[in-house]
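Visitor: I've got a structure here and some questions about it. Could you walk me through it?

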Amino acid sequence: MSNVFPIRYIEPVYRPPSEAESLILPITDGCSWNRCTFCEMYTAPQKKFRARPEEEVLETIRNLGEHPYGREARRVFLADGDATVLPTRRLLAVLAAIREYLPGVRRISSYCLPRNLRKKSVEELKELAEAGLKLVYVGAESGDDTVLERVAKGETFESTREGLEKLGKAGITRSVMILNGLGGARYSETHALRSAELANATQPEFLATLVVSFPKSDARLRATFPDWEPLDVPGLLREMERFIDQLALERTVFRSDHASNWLVLRGTLPQDKERMLAHLRDAIALPESAPIRPAWARGL
């Protein structure tokens, strides 16, 4: 059994918070779109988008089967930013190799851009689901077309809705993320309302919010959204209240507990909706006594 670590990582490596215990398996580098002006994740020169050679990926999986790290893996996250951009045939080859060489794996997941699904049929997605792709993380960011255009997302309400509906029909679990504050002060209300409308139209199994943040600089965003003005904490909370108030979800796990969030919210909708709204309204009315996360603890 080899003790040589078999995975070639290119730093920095990103994964969703819920994949903290997963084996991170890069099958692409960077993000095929990489134009969103709110996102700093794949802007480093070494993260320029490329599909990793198929034989390299398959060899990595074979070697993982002989390594303790691989043999102990129960979950695999396919990195980097949008593994689903690969053709279905190549994805199926990766999933088949994981089944063969990593038989202990019970769940395979990846990020997914809605644009990646335009050329994939529901039948192809069903093939991927049956081969082991059980969960995808979709950064919808917003349901408002104006906001999406201002941040160069390359998507619309309809393109995101179509992608999420395809995934749902294929039986792939969807974890959807909305960015609190992305519309700034000017579009806060429409951002909240249209994002709730998108969630209601697609009924994702998981829904999360993060707060738009710029650990380095907001210069890229201002290049496409020059009148963007950040919301203060009360404004972010009011936007969250408006968003959650409009949700009409039938069975969705909701999380707003990422390090970027000022106020932690967790629940299952619809049953926990009123409790979360009450928590938000208490924080808005009495911020000095609310469990607001201090800025130093936000870990950005």
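Visitor: Is D144 buried or exposed?
Guide: Keep in mind that this is a predicted model, where local features need pLDDT of at least 70, side-chain atom pairs count only at pLDDT 80 or more, and totals for chains, interfaces and linings use all residues. Residues are numbered from 1 along each chain as its sequence is written, and side-chain values use heavy atoms, leaving out hydrogens and water. Buried means under 20% relative accessible area, exposed over 50%, and partly exposed in between, with a 1.4 Å probe and protein chains only. D144 has 8% relative accessibility, so D144 counts as buried.

Visitor: Which residues is D144 in contact with, leaving aside its neighbours within four places in sequence?
Guide: Contact here is heavy atoms within 4.5 Å. D144 itself sits in the loop between β6 (133-141) and α5 (145-150); helices (H or I, at least four residues) and strands (E, at least two) are DSSP runs, numbered from the N terminus. With those neighbours set aside, its partners are T190, H191 and R194.

Visitor: How far does the backbone nitrogen of V147 lie from a polar atom of the side chain of D144?
Guide: The D144 side chain also has a polar atom 3.2 Å from the backbone nitrogen of T146. For the backbone nitrogen of V147, the distance is 3.0 Å.

Visitor: At what angle do helix α1 and helix α3 pack?
Guide: Two packed helices are described by the angle between their axes and the distance between the axes. For α1 (residues 54-64) and α3 (residues 88-101), the axes are 9 Å apart and the angle is about 15 degrees.

Conventions:
Polar contact = N/O pair within 3.5 Å; in protein donor to acceptor, adjacent residues only side chain to side chain. Axes fitted to C-alpha atoms, helices over the stretch in contact; angles between N-to-C directions.
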